[in-house]
Amino acid sequence: MPGFFDALSYEFMRNAVLAGLLAAVLCGVVGPFVVVKRLAFLSDGLSHAAFGGMGACFYLHLDPLLGAMAVALFCAVALGLVDTETIRSYDALIGVFWAVGLAVGIVFVYKTPGYAPNLMTYLFGNILLVSRHDLGVLLGLAVGVFLILGLFWKGIVAVAFDEVFARVQGVPVRFLMTLLLTMIALTVVLLIQVVGIILVVALLTIPPLIGLMLLNDLRGVLAVSTAVGVTITLGGLGLSYAWDLPSGPAIILLGAFLLFAVYAGRKLRGGALRSLPALRRE
Amino acid sequence: MAERPLIEARRITFGYGAETVLEDVTLAIDPGDFLAIIGPNGGGKTTLVKVLLGLLRPWSGEVIWNAPIRRGRMGYVPQFSTFDKGFPLRVSEVVLMGRMDRRRLLLPYTRQDRAAVAAVLERLGLTALAREHVREISGGQLQRVLIARAVVAEPEILFLDEPTASIDAESRDALTGLLEELNRRIPVVVITHDVTGLAPLVRRIACVNRRLVCHEGAELDPHTLEDAYGGPVELVTHGAVSGVAQRILHRH
């Protein structure tokens with residue numbers, strides 16, 4: 001694939017590769033929590049809820065990104081602090097945020113004098129149009145996510161695994177759940193505007209699913225998930241350049257192919273790779 | 001002078017939605033207690049334990065802890081796992097969570113923590129399963145894993161919800177021995193339909209069916225039990241251990 005490496009002499013292509021790698025790493029470590037906590041709908045819900053904040057910021061002549069981040073934080077805190085005995089379903093609440101955010105955004109855009117922008121374009125970023133500023137924001141987010149996971153790993157895993165037991169143990173469940181949701185929400189909202197919602201959802205789900213099929217321990221799943229994300233991002237960009245395909249779909253379809261291949265491999269082998277002795281050792 | 005109760009639940013009323021599940025329940029747990037909570041399904045036994053643990057806030061009434069039990073030192077073994085079995089964790093990692101402590105939340109697990117887990121796993125015959133995924137073990141094995149997770153925390157009080165429901169006779173013997181040993185130091189509260197299995201250990205029985213039907217180890221007569229279970233119950237007394245009657249309860 002010499003053509004692809006030649007293309008890296010262009011800044012937009014280098015930025016696209018770096019953004020893709022950062023997105024793959026971020027989704028690789030956050031995605032497994034999204035999958036095991038069954039929060040895939042969160043990414044879709046948040047992306048539309050963020051529309052409300054962007055609309056408000058557009059009306060007030062502020063950076064729409066600020067509005068999106070504010071909404072993401074609000075939704076994460078609200079979901080983390082909500083009384084789950086009263087609100088029985090996260091999914092339903094995310095659906096409420098989805099609709100209300102979109103409604104608020106539409107109202108603000110409608111009330112903004114002059115040309116009404118199509119804010120939906122914010123939801124479909126283009127990885128080939130990533131700026132250095134975008135890369136800086138993603139790098140900052142990645143550092144933040146790794147710091148949070150490094151510091152609160154024990155508690156976040158406990159809360160993600162068994163909230164009831166964590167509460168009995170005296171673990172600050174609501175704080176940690178809010179932290180986890182904030183991490184997911186910021187990752188989703190910031191990545192959406194860089195690489196687009198479709199690629200974010202794909203990177204949050206496909207690599208973790210492959211990791212969960214291959215390994216039994218969470219750290220291993222995070223590592224495999226990140227490696228798969230990086231592989232399909234680089235491979236997809238390479239295919240996109242070589243065969244003149246749109247980059248996002250190329251990454252996603254390569255990921256889907258890999259997912260199917262691993263699934264089929266597991267079914268044919270009649271067991272997981274995790275039963276191989278080499279992978280059973282600590 | 002009578003020993004001061006460790007926990008006092010005073011006039012607890014609680015429900016879900018509009019439905020009242022517990023009504024005016026007053027119950028005390030003494031240090032060194034081995035209390036069996038019995039009653040029909042849906043009678044509020046698990047809810048009562050959750051209220052005692054602070055997992056549910058009562059509509060009215062209060063739970064008073066007369067001795068300060070450190071957070072993280074309340075052992076709880078739920079009847080059903082409260083987690084997704086697909087979560088990528090091994091048995092040893094699940095049990096290790098019992099060693100989590102709010103004060104050491106930011107610190108990794110220590111060598112002592114891992115040694116304590118290994119000891120409890122061995123005690124409960126789970127050593128061979130230590131590296132298995134929680135999804136890959138049987139219901140009875142999972143129940144023992146949950147017991148191990150609660151016990152490894154070195155609890156100062158232990159609540160178990162139907163701990164013998166799906167384990168075999170051999171495992172039950174191991175559990176009985178463990179509970180007997182723990183009860184020398186800490187109070188144990190067990191929700192059970194199987195009073196006979198734990199009879200040598202049980203000091204008091206509380207029957208809960210929305211209300212506290214009987215308590216304080218009073219002799220159970222068929223009328224009280226029918227009241228508790230909301231239907232005919234056979235009561236068989238066959239001897240006494242340490243002054244505590246052994247009873248077999250059969251629902252007809």
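**Note on a predicted two-chain model**

1. **A starting residue.** B:Arg10 is partly exposed, at 36% relative accessible area. The model is a predicted one.

2. **The partner of B:Arg10.** The side chain of B:Arg10 meets that of B:Glu62 in a salt bridge, with 3.8 Å from N to O. B:Arg10 sits in strand 1 (residues 7–16) of chain B and B:Glu62 in strand 4 (residues 60–65), so the bridge ties together parts that lie 52 residues apart in sequence. B:Glu62 is partly exposed as well, with a relative accessible area of 41%.

3. **A second pair in chain B.** B:Arg123 forms a salt bridge with B:Glu181. Their closest N and O atoms are 2.9 Å apart. B:Arg123 belongs to helix 3 (residues 111–123) of chain B and B:Glu181 to helix 5 of that chain, so this pair ties together parts 58 residues apart in sequence. B:Arg123 is partly exposed, at 35% relative accessible area. B:Glu181 counts as partly exposed too, at 38%.

4. **A network.** Which residues are joined into one network by salt bridges that share partners? They are B:Glu8, B:Arg10 and B:Glu62. B:Arg10 and B:Glu62 are the pair from point 2, with its 3.8 Å contact.

5. **Chain B as a whole.** Chain B has 252 residues, and 53% of them are buried. Its secondary structure comprises seven helices and eleven strands. Take the contacts in chain B with a separation of 6 or more: 65% of them link residues 24 or more positions apart. The accessible surface of chain B is about 11400 Å². Carbon and sulfur atoms hold 49% of that surface.

6. **The interface.** The size of an interface is often given as the accessible area lost when the parts come together. Here chain A and chain B bury about 3300 Å² between them. Of this buried area, 58% is on carbon and sulfur atoms.

7. **Charge across the interface.** Over all chains, the structure holds eleven salt bridges. Two salt bridges are counted between chain A and chain B. One pair is B:Arg149 with A:Asp162, at 3.0 Å from N to O. B:Arg149 is in helix 4 (residues 139–151) of chain B. A:Asp162 is in the loop between helix 6 (132–161) and helix 7 (163–168) of chain A. Are these two side chains in buried or exposed residues? B:Arg149 counts as buried, at 1% relative accessibility. A:Asp162 counts as buried, also at 1%.

8. **Cysteines.** The search of the whole structure finds zero disulfides. A disulfide would need the two sulfur atoms within 2.5 Å. A:Cys75 is accordingly in no disulfide. A:Cys57 is buried, at 8% relative accessibility. A:Cys75 is buried at 2%.

9. **A nonpolar patch on chain A.** A:Tyr59, A:Leu60, A:Leu62 and A:Leu66 form a nonpolar patch on the surface. Together they have about 390 Å² of accessible area. A:Leu66 is placed in helix 4 (residues 64–81) of chain A.

10. **Positive phi in chain A.** A:His61 has a phi near 60°, a positive value in a residue other than glycine. Where does A:His61 lie? It is in the loop between helix 3 (40–59) and helix 4 of chain A. A:His61 counts as exposed, with 71% relative accessibility.

11. **Positive phi in chain B.** B:Glu162 is not a glycine, yet its phi is positive, at about 50°. B:Glu162 lies in the loop between strand 6 (157–161) and helix 5 (169–183) of chain B. Is B:Glu162 buried or exposed? B:Glu162 is buried, with a relative accessible area of 8%. A:His61, by contrast, is exposed.

Definitions and conventions. Residues are numbered from 1 along each chain as its sequence is written. Chains are lettered from A and ligands numbered from 1 in the order in which they are written. This is a predicted model: local features need pLDDT of at least 70, side-chain atom pairs count only at pLDDT 80 or more; totals for chains, interfaces and linings use all residues. Side-chain values use heavy atoms; hydrogens and water are left out. Patches are made of residues with over 30% relative accessible area and no salt bridge: like charges are joined within 9 Å, nonpolar side chains (Val, Leu, Ile, Met, Phe, Trp, Tyr) within 5 Å. Accessible areas come from the Shrake-Rupley method with a 1.4 Å probe; for residues, only the protein chains shown count as cover. A salt bridge is a side-chain nitrogen of Lys or Arg within 4 Å of a carboxyl oxygen of Asp or Glu. Helices (H or I, at least four residues) and strands (E, at least two) are DSSP runs, numbered from the N terminus. Buried means under 20% relative accessible area, exposed over 50%, partly exposed in between (1.4 Å probe, protein chains only). Contact means heavy atoms within 4.5 Å. Buried area is the accessible area (1.4 Å probe) that two parts lose on being put together, summed over both.
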